[in-house]
Number of protein chains: 2
Amino acid sequence: MVETHKLTKNQKLVVEALKSAEGPLSAYAILEELRPHGVKAPLQVYRALDKLMELKLIHKVESMSAYVACVQPDCHTHKTVGFAICSSCNGVQELPENVVSLHLDNWAQETGFVRSGIALEVRGTCKTCRENEAAEACC
Amino acid sequence: MVETHKLTKNQKLVVEALKSAEGPLSAYAILEELRPHGVKAPLQVYRALDKLMELKLIHKVESMSAYVACVQPDCHTHKTVGFAICSSCNGVQELPENVVSLHLDNWAQETGFVRSGIALEVRGTCKTCRENEAAEACC
DNA sequence: GAACCAATGTAATAATATAACAAGTCAAGA
DNA sequence: TCTTGACTTGTTATATTATTACATTGGTTC
Ligand SMILES: [Zn+2]
Ligand SMILES: [Zn+2]
Ligand SMILES: [Zn+2]
Ligand SMILES: [Zn+2]
């Protein structure tokens, strides 16, 4: 378990909402979910999201403008975050780092660009959706 | 030259605006730029952007909600698009495909996920900005 | 307690993107 | 030629995502 004991009230609420969610949630979806707990304004959510991203307890899926809890216990130790997003069901899986092996070092050397982080988003169709589509087609 | 002759009036305006821009432009920045040419509403821009992305003449930089003209003549032939984005000056470079070598095949095989496209965004600091910062620091 | 800093609350607004519908364009095909 | 249908366009309104600005609270340090 990552250290959650330093988190503030709003940060805990937000990270727990993301952990218990099926998939990525938008900031406003989180807000709606947390209204019963006293969260009233977008900014409360956005501030918590910012801090949680800094701590790498959550990630933003840029192409969806949505947020997910990190599934890797040591994600804060590496610079690469990747997701596989199903275009059919919008399901999102976080890719383990070893899957995302990038050969950018030569390019960085040549251009003098110093990497601080990488966001990778793989689009496609998940197994479940392909099977469903196949089943529909054959009737 | 890629075939631009099939493009509609609005599509041509948008792609030319992006080609002549220094860096990525937001949809609304494009709109302002094209007002003198008769473009009046966001949808005219968004519709053109959608079609141009489909044709892979332009790309969306997801993490900036901005759009750039493609610099690779054959970008429509491959599935990977990558950018290096400087956190300091917001400059964006499109990465050549051979730089972005991904080892996702095993993972895809195991999980049954079929890739249709990849968006990769490398964050960091460009050479120019690092040099400027170094120059400031040493005075 | 006073001074300080970080976190909070609240309202207003900015920036990005889409829905809904009316109207024009253009190329088959009767 | 006229009609049909697919596609593109124009326009208004609205939804969604994110930030600015400022007043307030709560604990820590001196
Ligand atoms: Zn992670
Ligand atoms: Zn799926
Ligand atoms: Zn390209
Ligand atoms: Zn730079």
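Q: What does a polar side-chain atom of A:Asn10 lie 3.0 Å from?
A: A phosphate oxygen of DNA strand C. Keep in mind this is a predicted model, where local features need pLDDT of at least 70, side-chain atom pairs count only at pLDDT 80 or more, and totals for chains, interfaces and linings use all residues. Residues are numbered from 1 along each chain as its sequence is written, chains are lettered from A and ligands numbered from 1 in the order in which they are written, and side-chain values use heavy atoms, leaving out hydrogens and water.

Q: OK, and how far is the side chain of A:Thr8 from a phosphate oxygen of DNA strand C?
A: An N or O atom in the A:Thr8 side chain is 2.7 Å from one.

Q: Switching topic: how many residues of chain B are in contact with chain A?
A: 33 residues of chain B touch 33 of chain A, with contact meaning heavy atoms within 4.5 Å.

Q: Any salt bridges there, or how many does the rule find?
A: Zero between chain B and chain A; a salt bridge needs a side-chain nitrogen of Lys or Arg within 4 Å of a carboxyl oxygen of Asp or Glu.

Q: What about residue pairs in polar contact, how many?
A: Ten across that interface, with both residues at pLDDT 80 or more. A polar contact is a pair of N or O atoms within 3.5 Å; within protein, one must be able to donate a hydrogen and the other to accept it, and residues adjacent in sequence count only if both atoms are side-chain atoms.
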